Amino acid sequence: MTDHHKFRYLLPPGNNFAFVAKFKIWIVISILLMTGSVASLFINKSIRGEYMNWTIDFKGGTEIQYAFKNKQTHESVKIDPARVRDALVKAGEEGFDVSEIDWNDTDEKTGRDQHIEGMIVRTPRFSAIKPEVEAKAADAFRKKFADREISRATWSGDRLFVRSRKVITNQEAKDVFAASGLELKPWTKEDTQRYAQPDEGTGDYNAAFAMWGVDRQFQQLLEKQLDNTEVIVAQSYGVGAKAGDKLRDDAAKSIIYSIFLIMLYLAFRFDVRYAPGAAFATIHDAIMVIGVFSVTWTEVSLTSVAGLLTVMGYSVNDTVIVFDRIRENQAKLKDKKIERIIDISINEMLVRTILTSSTVFATTLIMNIFGTGLVKNFAFAMNVGVIVGTYSSIFLASPIFLWVSRKWYSGPPKVRDYKQHAIQAEE
């Protein structure tokens, strides 16, 4: 009788692939690939000056928040992020990121509350002001206000931070900066009140004088590209390199902690034999994803770290399912060797693993192809992670479990059993 349902099977029922026989080969290949991934980091450092292509999340830069309004009606308008990205690319900007944001604000002209749909632009550029211009402006500022007893006047990005014994207003400083070719931003009411109050401990006045810099350049650039649209700088601030270093350290810690917790979970969920295999597979996945980002010089952001952690969770889930089937078969197939049990278990789960991984890969591939910005960055990490995660669950986690079982759980107990049987037979 003809089997009319044969076309439904991805693989024929009863498939019997010999996975255990090839475990050593896959382990060697995996170690070589991991070594190459780590080596690529040092190659990047020697050639490009950085281990990876860090975004401003990790190396610092400027974050600018823009609002968009119609020039005639002054009503808030929504702008497609792709248009903002295209405008910045045409201007030769690199390493930036664009994402949408919305908030509620009060219109200064009408006094009405309105919902604003704006944009956040992150750029690795700290300042639009050249160092020689900064030095000239700072010297002129000190000379002009020598009677205010200035103890500090230092630049950070586009801001001059000043400490003095007597108050200096924004209006007084405007002409000094203008003489150096710089345009001073007006203070808000909150700024004016804050900078007019001396420090309670020292009695000094601390003020920050912000220049129009990268935010104004981008504002003018966007207004040229966006017809009939008024671009407003809602907020602008710099992300320091020290903050980026801390975020980088925290990201590394989160990966290490997750691996430790995965081992702890598996030790309680199954037993200690399963934990090393899952941990090694997880470390392999993390290194391989990092290696692909390194080799392709793809931008690494906090979203990339989120993608990496998601990959690790996906890989562990796949590994747990394989381990669960191995444990079930150990109880059912007591007459078979552990090697044969592992082969049977992986073959039984193979179709399920392929279908699940293919579905996740196809979804994230679409996001990678048609997505932009942070979405594309996350999807790329998932694309790579699904491949290496599926591979590690089959070819890495299981052989490590087999090795641990052979070395610490199969040898000595059997020897003791044989000796015991021999003693009983003699008696």
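Trainee: How are α10 and α12 oriented to each other?
Mentor: α10 and α12 are roughly parallel; the cut-off for that is an angle under 35 degrees. The axes of α10 (residues 302–332) and α12 (residues 373–395) cross at roughly 25° and come within 8 Å. The crossing is right-handed. This is a predicted model, where local features need pLDDT of at least 70 and side-chain atom pairs count only at pLDDT 80 or more, while totals for chains, interfaces and linings use all residues. Residues are numbered from 1 along each chain as its sequence is written, and side-chain values use heavy atoms, with hydrogens and water left out.

Trainee: Which residues of α10 and α12 make the contact?
Mentor: Contact means heavy atoms within 4.5 Å. From α10, they include Gly-307, Tyr-314 and Asp-318. From α12, Phe-378, Gly-385 and Ser-392 are among them.

Trainee: What about Ser-301, where does that lie?
Mentor: Ser-301 is in the loop between β9 (299–300) and α10.

Trainee: Buried or exposed?
Mentor: Ser-301 is buried, at a relative accessible area of 3%. The cut-off for buried is under 20% with a 1.4 Å probe, protein chains only. Beyond neighbours within four places in sequence, Ser-301 contacts Thr-55, Asp-57, Phe-58, Leu-374 and Asn-377.

Trainee: New topic. How many residues of strand β4 are buried?
Mentor: Eight of the eleven in β4 (residues 113–123), so the strand is largely enclosed by the rest of the structure.

Trainee: And how many bridges join β2 to β4?
Mentor: Five, and β2 (residues 61–70) runs antiparallel to β4. In one of them, Glu-63 is partnered with Arg-122 of β4.

Terms used: Axes fitted to C-alpha atoms, helices over the stretch in contact; angles between N-to-C directions. Helix = DSSP H or I, 4+ residues; strand = E, 2+ residues; numbered from the N terminus. Parallel < 35°, antiparallel > 145°, perpendicular 65-115°, else oblique. Left-handed = near helix turned anticlockwise from the far one by under 90°. Buried < 20%, exposed > 50% of the residue type's maximum accessible area, 1.4 Å probe, protein only. Pairing = 2+ DSSP bridges.
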